[in-house]
Amino acid sequence: MRWWVAGVLFLVIWVEACAAAGGDVPAKVPFRKLVVLGVLQRDMEGRPFISPMEVALDPETLEIYVSDPSRSEIAIFSPDFFPRFTLGRGRGLSSPYGVWVDREGNIYVCQAASREKPARLSIFNGAGILEKEFFFPDYSFEGAADFKPRSVAVDKRFIYVAGEEFEGVVVLDKEGRFVRIISVRDRVVPGMPKEKALINDVYVDKKGRLYLVSAQMGRFYVFDSLGHFLFKGGKKGGGPGKLSRPSGVAADPNLGLILVIDYMRHTGLAYSYQDGRFLFEFGGRGFSPGWFNYPTDIAIDPKGRIYVADLFNRRVQVFVLGGEEGVYSPVPSFVTPLRPIETPKGGKSRKKRGKEAQP
């Protein structure tokens with residue numbers, strides 16, 4: 001091959017790669033360090049997490065819920081990180097993924113198919129007793145027979161469920177009746193035809209805004225409380241400021257932030273609550289507190305504490321964003337000492353579960 005042909009070919013590939021990566025994001029981006037408040041690693045039986053997949057918060061009591069499908073359990077912690085209760089096989093769990101808690105204390109759990117039951121959404125009351133189950137093969141929407149629920153969020157009227165490799169989010173009413181599918185048409189890079197985005201995570205914030213995440217597109221999509229599309233954010237790519245494989249989203253209007261955790265980049269990315277504009281990054285790959293190893297989910301409590309399910313470090317980290325700022329550095333360079341936090345005043349507990357040690 002002549003040298004100039006090779007040069008032109010290289011230039012074409014480079015231009016296409018830049019376009020795919022969303023080349024308007026600078027190579028160096030603002031970076032915020034973390035102040036780690038605690039690390040959750042064991043359930044109340046003292047057993048270490050195997051695969052902490054999702055984390056959710058009770059909006060009233062601030063209790064922390066961690067799903068661990070490999071243990072077939074959901075571990076529940078008090079707001080000061082004391083393991084308080086475990087929902088396990090004895091309560092009807094077999095392989096829990098997504099989990100959500102509403103203001104009445106009801107626990108919504110996405111469960112994979114088992115020998116006894118098909119894929120389903122299970123709803124437990126505040127005492128941890130199974131009350132309802134909605135089986136997806138019973139619905140008539142396209143793809144229902146093979147639907148695998150992975151993430152769930154709930155607002156005042158509806159239940160939103162994202163599935164594995166599914167185009168959109170399934171909307172149910174509180175009685176389990178199918179309402180509709182919310183889908184988004186998008187493309188990874190300009191010039192490609194639009195297609196329905198695969199949605200892998202769903203979240204509802206305290207104002208009722210709905211958030212969908214697409215690892216396929218490297219995007220998040222925001223809707224208002226009435227279901228009207230507001231804006232999208234994120235750019236597909238593997239470099240600083242990009243979303244390679246976003247796996248979880250959370251948002252808080254008081255912090256003014258939308259936070260997205262990226263499974264492949266081991267990083268959290270922060271965006272403006274108002275318009276989805278990229279602001280800064282936090283985290284990075286590592287094993288000490290403050291670093292992540294394939295994180296899968298994120299949550300924010302009303303006090304601004306951030307929770308990340310840190311899958312292959314087998315823990316959930318709790319932290320706040322530090323004031324120190326800089327530019328992105330890929331090399332771990334600090335270890336933040338742990339310190340206890342104050343239990344919320346009147347730290348309520350739903351006195352509900354009888355003998356809390358019994359799964």
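# Reading salt bridges, cores and loops in a predicted model

Tutor: Asp186 and Lys232 form a salt bridge, their closest N and O atoms being 3.0 Å apart. Asp186 belongs to strand β14 (residues 185–186) and Lys232 to strand β19 (residues 229–233), so the pair ties together parts that are 46 residues apart in sequence. This is a predicted model, in which local features need pLDDT of at least 70, side-chain atom pairs count only at pLDDT 80 or more, and totals for chains, interfaces and linings use all residues. Residues are numbered from 1 along each chain as its sequence is written, and side-chain values use heavy atoms, with hydrogens and water left out.

Student: What counts as a salt bridge, and what as a strand?

Tutor: A salt bridge is a side-chain nitrogen of Lys or Arg within 4 Å of a carboxyl oxygen of Asp or Glu. Strands (E, at least two residues) and helices (H or I, at least four) are DSSP runs, numbered from the N terminus.

Student: How many salt bridges does the rule give here?

Tutor: The count is 17.

Student: Is Asp186 buried or exposed?

Tutor: Buried means under 20% relative accessible area, exposed over 50%, and partly exposed in between, with a 1.4 Å probe and protein chains only. Asp186 is buried at 2%, whereas Lys232 is partly exposed at 36%.

Student: Which residue forms a salt bridge with Arg84?

Tutor: Glu63 does, with 2.8 Å from N to O. Arg84 lies in strand β5 (residues 83–87) and Glu63 in the loop between β2 (54–57) and β3 (64–68), so the pair ties together parts that are 21 residues apart in sequence. Both Arg84 and Glu63 are buried.

Student: Which residues are linked in a network of salt bridges?

Tutor: Asp43, Arg47 and Glu73 are linked in this way. Between Arg47 and Asp43 the closest N and O atoms are 3.0 Å apart. Arg47 is partly exposed, with a relative accessible area of 32%, but Asp43 is buried at 3%.

Student: How should I read a nonpolar core?

Tutor: In soluble globular proteins, nonpolar side chains tend to be buried together. A nonpolar core is a set of buried Ala, Val, Leu, Ile, Met, Phe, Trp, Tyr and Cys residues joined through side-chain atoms within 4.5 Å. The largest one here has 65 residues, of which Leu212 and Ile258 touch the most other members. A second, separate core has 14 residues, including Val55, Leu57, Val66 and Phe77.

Student: Which non-glycine residues have a positive phi?

Tutor: Leu62 is one of them, with phi of about 65°. Leu62 sits in the loop between β2 and β3 and is buried, with a relative accessible area of 6%. For His266, phi is near 60°. His266 is in the loop between β21 (257–262) and β22 (267–272), and at 7% relative accessibility His266 counts as buried.

Student: What about contacts in space between residues separated along the chain?

Tutor: Compare the C-alpha distance with the sequence separation. Pro118 lies in the loop between β7 (107–111) and β8 (120–124) and is partly exposed at 32%. Leu130 and Leu93 are 37 residues apart in sequence and 9.4 Å apart from C-alpha to C-alpha. Leu130 is in strand β9 (residues 130–135) and is partly exposed, at 31% relative accessibility.
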